[in-house]
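Good morning, everyone. Please look at the screen.

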Amino acid sequence: MSEFPEYLDVDYTDGEGESPEDYPSIEHKIEKALDVTKKGMEEYENPAVMWTGGKDSTLTLYFVKEVAEQYDLELPTTVFIDHYQHFDELMDFVEHWADEWDLEVVWARNTDVGQYVEENDLEPGDDIPVDALSEHNQHHIRNILEYEEETFPFLLDTYVGNHLLKTVALNDALESEDIDGIISGIRWDEQEARADETFFSPRHDPDIYPPHDRIQPILQFAEADVWEAFWHFVVPETVEDYPDEGYVPQDYDDLPNGLTHEDIPVSPKYFEGFRSLGSEVSTDKADQEPAWLQDLENTTERAGRAQDKEDLMERLRDLGYM
């Protein structure tokens, strides 16, 4: 990686000053997503796809699969961050579709924290002593986060918890797998901290993370666009017996042609009314209706997520969070 990023020919300003409105139709948005994905898969020596099982990263994974098939490119490694607090249904979904789509999955975990939790039979919210962890984790807690307390809660949506369980786990995987570009499904409209991102975004400071780039093909999608892409493009093109013209389910059990949830690459949690999938202990459903039928224009997508982490998003992103 010593030459990084000199072997690349990417435009780090692509998307600067833009918003979803600069891509007025779903066709414009998809065309741009495919272009960015193709560029990323061709330019980087060892790219990977960040997959959470959520709608945005699954849409991104769809574009990666489409580009790989269309241009006879190798399907990149998929990185899934297991932070030990996922919904069981989400893990089932990820494992099912990883097998269905023949994905090579790297399970990024902070095993030091996970082992302490397992050995001490901890529940979310229980305290973890800082000095019980490895030097690697203690360095991040004391020197990177400048956290001074003797313990921290085993909760994903907190400053220390999010950094250790997600960012450290991700950065360790980037290093161990020698990944130079991570294809990520973040969007401009999702959070204020992501509004200024570009389609190719450098992360080159070796003191913070293994030098790499973020390749971000769906910045230009709004939440409603993601669902339009699913029900009129992704699902019809990947699910046999789904109507070719698309079909928008109207409730949990409304699937056409005898199809079941196991047949559809959309997490059942979205059918239940969740709009954003975080940790099991700190994410609530937004409404009773499926996510795509809710008032997407006048309500907040991540309202069901714990807000202490949302408020820290800018600083967490500076440390390598997505």
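Start with helix H2, residues 55–70. Its 16 residues, at 1.5 Å a residue, should span 22 Å, and its end C-alpha atoms are 22 Å apart, so the two agree. That expected span is 1.5 Å times one less than the number of residues. Helices here are DSSP runs of H or I, at least four residues, and strands are runs of E, at least two, numbered from the N terminus.

A word on the source. This is a predicted model, where local features need pLDDT of at least 70, side-chain atom pairs count only at pLDDT 80 or more, and totals for chains, interfaces and linings use all residues. Residues are numbered from 1 along each chain as its sequence is written, and side-chain values use heavy atoms, leaving out hydrogens and water.

Is H2 enclosed or open? Twelve of its 16 residues are buried, so H2 is largely enclosed by the rest of the structure. Buried means under 20% relative accessible area, exposed over 50%, partly exposed in between, with a 1.4 Å probe and protein chains only. Among the buried ones are Leu-59, Leu-61 and Phe-63.

Just after H2 comes Asp-72. It sits in the loop between H2 and strand S2 (77–81). Its phi is positive, about 55°, although Asp-72 is not a glycine. At 73% relative accessibility, Asp-72 is exposed.

Asn-257 also has a positive phi, near 60°. Find it in the loop between helix H7 (223–238) and helix H8 (268–272). Asn-257 is exposed, at 55%.

Last, the pair. Helices H5 (residues 135–144) and H6 (residues 159–177) pack at about 125°, axes 11 Å apart. Axes are lines fitted to C-alpha atoms over the stretch in contact, and angles run from 0 to 180 degrees between N-to-C directions.
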